[in-house]
Structure formats: C-alpha cells, structure tokens
Amino acid sequence: MTTSTVKRIPTYCYQCVAGPDLLTVKVEGGVATEVEPNFCAAEIHPGGGKVCVKAYGLVQKTYHPNRVLTPMRRTNPRKGRDEDPGFVPISWEEAFTLIAAKLNAIRAEGLLDESGYPRVAATFGGGGTPQSYMGTFPAFLAAWGPMDMGFGSGQGVKCYHSEHLYGEFWHRAFIVAPDTPRTDYLISCGANVEASGGVVGVWRHANARVRGMKRVQVEPHLSITGACSAEWVPIKPKTDAAFLFALMHVLVHEARRERLDLPFLAKRTASPYLVGPNGYYLRDRATRKPLVWDGARGEAVPFDTPGMDEALEGRFEADAIEIGPDDAVLAEGRLPGTTAFTLTVDHLKPYSPEWAENVCEVPAARIRRIANEYLDHARIGETIEIDGVTLPYRPVAVSLGKTVNNGWGGYECCWARTMLAALVGALEVPGGTIGTTVRINRPQNDRLKSVKAGPDGFMAYPMNPTDKERWSPKPNIRNAYKTMIPLAADGPWSQALGPTHFSWMFLDETPKGLPRVTPPDVWFVYRTNPAISFWDTASVQQKMARFPFVVAFAFTRDETNHFADVLLPDAVDLESLQLIRIGGTKFVEQFWNHQGFALRQPVVTTQGEARDFTDVASELAERCGLTRDYVAAINRGVACVPLKGPGWSVELDTSRTHSRDAIWDAVCRAASAELTDGKELHGLDWWKAQGLRTTPFSQLDWYLLPTLVEQELRFELPYQERLMRVGAELGARLHEHDMRWWDKQLEEYRALPAWKDFPGVWDDALREQGGEPADFPFWMLTARSMQYAWGGNVGMQMIREVAQNIAGHRGVIVNGATARRLGIADGDEIELATPHRSTRGSAVIREGIRPDTLLAIGQFDHWATPYAKDFGLASLNTLATMSLGLTDATGSGADVVRVSLRRIGGPRKERR
Amino acid sequence: MTRWAMVADLRRCVGCQTCTASCKHANATPPGVQWRRVLDIEVGEYPDVKRAFVPVGCQHCEDPPCMHVCPTTATRKRPDGIVTIDYDLCIGCAYCAVACPYQARYKTQRATFAYGKPAAHESKRHDPDRLAVATKCTFCVDRIDAGLATGKTPGVDPEATPACVNACIAQALTFGDLDNPDSNVSKLLASNQHFRMHEELGTGPGFHYLWDQALPTGGIPALARLVEEAMDLA
C-alpha cells in the first residue's frame, strides 16, 4: 500500500448487543483515520445505516499505545492484585507450545475433573458479542468437548435475566421490545433505550417521539431515556412490581370488562382454563387435556374443542382429574374449577393504586391515570394490514430495564408486563409488546420457526428435567444451571443463563448436595473483565488468583488478565476477518426489513504480532489433534453458516487445516448460496468489496401471533401451572437429596406471582452484613452509558472525552437537596459505604434523581487497565455482595446496594 | 442566494455524542477540542425536573462578533453564511474567542495527542497550521464545496454534508439552505416551534433549535438562557 492511497473500506462494529453497525473506515496511506456510516446501508438498515459513538473509538483502539502486541508469559508464580505478574514477551511458538501442553495433558487425563466438571473453562463478554469477533474459535470449542462456560462476568446481574427466561418461555422473546414504529403509548420501567438501545433504538424512538408516541419513564433517576420521555415517574427502587400490579388492578377491577381484549384472552391465552382445588388445571379424564367451560354446551370440554364458547370468568363443576407434580393424581371426580382469569382477577384485588402508593411512593392518582391512558391508547378491536395480512392493532407496550428485570421481583415484573399486554391483546401484535430473538429455543436465527406445539395447547419449551428419572444433583458445569434452573434449558447459551456467580461463590464453599466446585485447570478469557464487571469484584479477583493456568486474549493489560499465565494478542476489530448474520429480528430493537450477512475485514495491517482469532483457533485445534472435528464443526455451520446446502457444497477438507482466508472464503460462498438459493457462490473478495448483502425480510415476521394462530396455540398466561409444577418437582428432588439451601428460591414458583417486600431483601442482606438499614439509607444504582456499555472501550481517550459531556461520567449523581443536607458540593470527594466496604468518587449534583438514590454510571474502579486506572470513579461492583440471599429462582441478582454517603473533602484532584 | 444553516431538533437529541465523535474524526481535532458537542442540561427542582440535550458549536452568525474583533481579517464570512478562519492570517490573539457569545472557538498552543506521543493516525493527520491559531466548526466547508462541485446537495447527499449531520443517529441534526423554501431546514423551521441562542445580541445565528415541549416560565427566551447558562458552566 503506498502512502498516497485513500480508501474507504466497509466493515462492521459489534461492540454491543444493539449492533451490528455497518460502517466504512477511511484508510490513508495504510493508516485508518476516520469512521463513517456505510451510506450504502442506509436503505436496508433500520437505523438509517448510522454508526454508534462507540465505533468511533475503533481507530484509537487500533493504534492504542498500551496494546499487548506480542504473546506474554507470566514469570511470577504468585498471583494476587498486589503481585507483579512479571509478564515477559514470548514467541507465538512458545505460547502455543505452553498452551497445547496443558490442553493435551487434560485430554490425556480426561476432560472432566474429580467433581465431574470440565477441566477447561472459557468466559466471554456480554450478550454474545464476542462471538462476532472470535472467528472460528467456537468451532474449536465444539471440537474440544465438555467446557465450562458458566464463570460469569456480568451475566445475571448486568443483563436482562428474568426477561430472557420468562420472555422466551411466554412469547419466544429472549429480549422484549415495544413495536416502536407503531406504539403510541409506552410505559418504560427503567428501560434506558436511549443509552442501551444502540443506533436502531435511538433512531426508532426519536421517530416515535416526533410522531407523538407518549413514553412514561418509571425510574428512580431521570435517565437519558427519562429526559427524552413525556413524563418521568420517580419510583422507589425495586418496587416496580407494585406499580405494575396496580396498573393491572385498574384494568381488571376498575375498567369496564369490554375495554379489555376479551376474545384474545379467551382464544389466545389460557384464561378460560379451569383450575382445580389444589391449584392445578382440571383435566379431561381420558385425554388429560385442560378443561374449559363451554357456555354453549353448558359443560366442561377440552381446551381445543372446536366451536366452543369459552367462559372467561366463573366457577364451575366438572367431571375431571387434577394432576400435580410428578404425575400425582391430586383429585378425581366431580371437582370445582375456577377459570384462570377469575383467579387472576381475585389475585389482583388487593393491589389497588392506593396500596401501591404506600409501596412505591408514586401517588395513586398518577398510577390510575397512567393505567387509564394505557387503556385509552389500546384501540381494542382495531386492525392493521401488514404485507397484505390483517392483524390486531394494539399500540401500547411496557418495557423493563436491567435492574427491574433482574433478581428478586424480576419474575413478578416480567409476568405483570406480559399480562398488561395480554389483557388488551397487545402481545406479539403490531404496536404492542413483542420479542426480538430466541437464544434458548431453536433455530436461533428464526424466532417463528422455533414455535412448536407443546403440552396443554402451549408452545413447547425445553425445560431442564425435574422428574425423578432425569433430574441429577450432579451438574455438567459448576454453576449448576441444569440442576437448579429448569427455565435455563440446555442449549448453547444456557451455561451463561444459569446462576453464573455460583461458579465463583461455590469455590469457597459448595453447598450441600452439589459436587465440590473446583477451579478449572485451564481458563480462557476473551473480551471480558470479570474482575471489574461482575458483582463482588474483590472476591472474584481473589478466586481467579487461584486458577492454575489462565489464557487471556489481551487488548491491553487489565484487571482480569493481571492473573493470567499467558497473554495472547488477538487482532482487533479493524484488523481481523469474520462474516456474521445481520437483520431479521434480534437483540435490542433490531427489527429489520432485510436479512443477510456482513463482513468484518482487515482495513489495516495488523499491529505488532497480533493474530487473527481464526488463525489462533486453527493452530490450537491442530496442536490438540482436533483438526478433523474443528473443520467438521466449521462445515456444520458453527462459523456462521453451513457450508453445504441443497445442490451446492463448499465444504472444507476435514483431513487438514486451512488458512484463515480459505475458511472465510468458503463461509462467504455458503452465505451467498444461502441468499440466492444456491445460484451464486461469491467468495471472500466479492464480500470484501461489497461489505454486506441482504434479502427482504417480511415485517409480518416481527410478530408471533399469526404463528400461534396457525398452529392453534395459546400464550401460557395468566396462570403459571407449569412453572408451579416444575418448582414443586424441583423442590422434591432437592429435598430428596437433603438440599434445602434453595428453599427461598423455590417460593418463587407460584402460579400467580404475588408482591413480596422486595426492597426488604436488600435490608435483610444489609443486616446479614451487620448493618442497619437506617445507617445505610441510600439506594446505590447503576445505569448503562451509551458511550461505554459492553464496549470494552474504557481505555479510549476519545470515548472518555465525549462521554464526559454527559452528567454522571465524572462521578456519582446525588440529589441536590440530599447534597445540601449533607454539606456536599458539586465535585466534592464522597464515600459510599456498606458495612465492610467503601468506594470513593466525586459528587455530581443533579435534581433528576430521588433523594434516597445514588447513581454510578457504568462500571469502573479500574486499577490495572492503562489510562482507566487513573479515573478515580466509584463503582457499584466494588460494594455489591454475592450471596444466595440476593439470588432469585432464575439465578440472577439485581444491581442494587444499600449504602451510606458522606463527604470526604473538597474536589479530589484527578489522578491523571 | 444560499444561507447554510443547522437545525437541531431537541425532541430527538439523546446526547449520545456521536456527532461529537464524528466531528473529531472528520476534522482530526486534538484532545479536548470539540467543534461539535452536546450539552446535558437540567431545568427545575426535584421532582419537577426536565433534562435536555443541546448540540452546540459555532453558530455561523449572520453578523459574527468574532469577525468584527479579528485584527487580521483571518475570520471572514462567506456569502453562503459560513464563517471561516484563515490560519495563515490568524495570529492567535484570541480576541475572537473572547468575543464569541457561544464559546465556540478553541486555541491549541502546542501539539497534543490522546496518549502523549502521537499514534499513527494522529501523525498522519496532525496539522501544525492549526497550532496557536483559533479553530472552530467549519460546517465541514470542504465537504460542502467539494460536494457542490460534483453536483451534490449539502444536507441531502452525505458526501456534501457536515460529518455531524451524517453521523447523527437520532436525525436530530439537519443541514441545508435556509434561503431555499423547499430545503429540509426551511421546512422544519416552518412547521415547528424553534429558537436561537442569544437572539437579543443580534448576531443572527445560523443554528436553530426545535423544541415543542412545555416551556419554562418566560418561554423560549428563558429556555435559550438556560442553554446559554449551561454553556457557561460546561
């Protein structure tokens, strides 16, 4: 490349789950200088082809002076935060030899250790985004065999955990979103889409606001999203379930029945199913199908009887059988049954707005008004035509944020949100509350095809077994998701959807009944920094220091790879090669009218000795004697797309290794074939020039309802008979093995979720630590930052510079009146403390936050990452305690800590 | 005639700073220099608080105070409204920076880089002519001129449009010709409530803000003052 050439090279950025963004990089004389949107993508991208601020950090990332640019080996055998690792440069040959020796020793000894856990573990960063950078490494993982990918680095506390599990269970919605282009009224409980929704989220919501959509932001602080909303409701932390229950109360106890979507409830949900005296469905004796009361016949009939007139409400008597956990017959004969809807209405009776006012500190009149506005906008009975098909049109939705979703109260909030949609028929229809993607059900790239008929007229769901024959107290990996969390299922993502903190917690003391949790013999780490990003970071650091052999793919030194034995410099975003799927519906607000593929390609020469991840994976496979299985995995489609289809094949020879370009050339050809039904087989060079290619994706496929109608299925709402049964069975299995440490979590398996004192959970946690709530009166929360979230870009000077234009990036946000009361001025150094820990930072005084709430944006408190270690920012993760008590039944915890606050002194000098 | 102008829709802006970052890329500004940036302002007291994000930068005034104080005529206004600085003429006296009511001007005395020493991309684009002189937003005038020369329309065709507008992920920034009643900016201003900062100074800013939400007591002038105060604090 001569110094005079100027090129614009297409590629993608997938630093966060709201991607990918399609961009071009201007390259001048071989040096990347400028990021721009890929204007060619404007027509097919749902965010106008624009690029988020994080992508603009990629140039600085490429030329970052603190990059690790050669493999490094640790020379200090002692590991600890205060130990200098003594990293020295080594050759790739040395590095591979070192790693392969460890891996081959494991293969010789056995892939599982004495506890039955995989000897090799791997942890990757949030939301599956590292998979868009790790080339063919997933094929190496597939070839390897059992691997523990359940050591958490943020999963469960920093994600949308309850939504992932319950959303996918109820409506194939691993992530839930409003149908923003058509929604007219959106209640957003803490969902901060303007900070975490990426380009498409921001684009769609900006259009919706100008169009006139009213968004009510319910959140303890006035977030970016709150700022952009029509109304801000400053709710007490962790009381969202009470607010949502009160909205439901207004809908079913104060509004006229016909204001609800009664046909939807009767035909498309289990509302008419009869529930027996023991809380389980009344079933037909012969078929064991749930019964409903047919008003026309005047008798109970199976739920799928043609031509029936389902009674939505009432109490009836039926000749039936009631079957409980483990197929136990609980009752048989003439049995009293109540419709699930009636039980739900009764259940919601106590949750009036007046009751909720006392819980969540939102005036009853305001709750009532919001509920009625929701109803006013629901357009019951109206329809809309999408691509020639007439669908219900219900332009109201409810979205939930991270801390609302996670930990105790998550189940209740998810249920209430989904029920608010169901009550007005706004679930999975235009304008309503819809899902974007599936990660638990398959196929993962087609949400609609993942719908398969299951029991009782509902969708099938691959629960982990709880029956006596198949349940096992010996989990396959350390976080025990398969044993403890039925909803986590057992697919490729399930390991990360379990209680991922257990892998760390149980290293100290494994609870009764589980095999002793052991450190992995080899731990791979990539695009993640659990020593900063998880809760209880000090404890996580102490534990990773015990791991005997850690291989970290390293961009710069950081707090996690401080404990590594080998650092491997992988080629970064603008240096490496990979093809990924784009479009369809996926992750956060990503609703496209197209689908296809995009290529990430080297726009500049790789710096130093950094290597493309695919080359690293191929080399590791070869040195471990796994080439055949590794290439076979690539052929199967583990690296994006299967290499064989009807009438065409570009499969690779499994008897030998292949170069990076040869592999991706084959993948590119397969992708072309998939898009053209085998007519075209464009290779890597074509994709390098084009950057992306798509085909149309019907907007009809944004909505699940037509698929359910086609298959004559119902949403599994409102009554959670299956969850109650599964919970009872799980409890029985655990108790049979004298495992009683999960009893509190088992209480969550209720058919109708009830309000519990969720804020009190954090009071209890405080008391366990020896504190009294009165002494720690503040709720410390965190929130995503548009500039940083998921990006791993904390060391980018430019990102920091622009982020500081937004309040909270310089310190902890404190309410003005609170600050005055405590004598704190803007910029003062403050300390936030729990009974045993503290963190310090600067005060940022704002009015847009509750007086009892403190907000620390993002995740900081770095001590090893160059540049970031000088920020001096407080971190919630430093204070958060990992505990069973704070873990809900899905294995998640919430980003909340009760703290004290005091002024330390005047403005602290920035350390840089 | 042509009058290039920027419209910032405050209903849309989310403060993401993508425009800020894209400006830094397009114009290779050094650390701390933000020809385009977005303020984060608050109005009111808890719980009656409004928060808004306000893009700011050179307003390309009709009657620019910076131009009048420039002792060397380095600062000029083109017939199309774009205020320019001739770095060859600028002596770095900074009178303009003091005179500008919008705090839009920067002066960098010595070369600064993100991490001390220049990285490859910084070396490639470092321009010593920009040291010890006043700099500011140019409305990406080079793009406009190059685009016009090839028949492109600024504000419509990306090649002829300021980088911040191209980059905006909320469609909050719009650029176009105010003298053309059919331009995107003219249509936006004709159909929405809008204001300019420091209207009372008679500078005739070429930067217009759309705002349709409830206004603080005192109406648009009061809102403009809040933005101005925020700028002073920023």
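Q: Hi! Starting with A:Glu361 in this model: is the residue buried or exposed, or partly exposed?
A: Hello! The model is a predicted one, and in it A:Glu361 counts as partly exposed because 17 C-beta neighbours lie inside 10 Å. The cut-off for buried is 20 or more, and for exposed 12 or fewer.

Q: Thanks. Where does A:Glu361 sit in the chain?
A: A:Glu361 is in the loop of chain A between helix 11 (353-360) and helix 12 (364-376).

Q: And what about phi of A:Glu361?
A: Phi is near 60 degrees there, a positive value in a residue other than glycine. For context, most residues other than glycine have a negative phi.

Q: Nice. Switching to A:Tyr867, what is phi there?
A: A:Tyr867 has a positive phi too, near 75 degrees, and is likewise a residue other than glycine. A:Tyr867 belongs to the loop between strand 33 (853-857) and helix 30 (876-879) of chain A.

Q: How many C-beta neighbours does A:Tyr867 have inside 10 Å?
A: A:Tyr867 has 19 inside 10 Å, so this residue counts as partly exposed.

Q: Now for peptide bonds: what is the one from A:Gly19 to A:Pro20 like, cis or trans?
A: That bond is cis, with omega near 0 degrees. A:Pro20 lies in the chain A loop that runs between strand 1 (6-13) and strand 2 (21-28).

Q: And which bond joins A:Leu717 and A:Pro718?
A: A cis peptide bond, with omega about 0 degrees. Most peptide bonds are trans.

Q: Last one: where is A:Pro718 found?
A: Look in the loop between helix 24 (705-710) and helix 25 (721-736) of chain A for A:Pro718.

Definitions and conventions:
Residues are numbered from 1 along each chain as its sequence is written. Chains are lettered from A and ligands numbered from 1 in the order in which they are written. This is a predicted model: local features need pLDDT of at least 70, side-chain atom pairs count only at pLDDT 80 or more; totals for chains, interfaces and linings use all residues. Helices (H or I, at least four residues) and strands (E, at least two) are DSSP runs, numbered from the N terminus.
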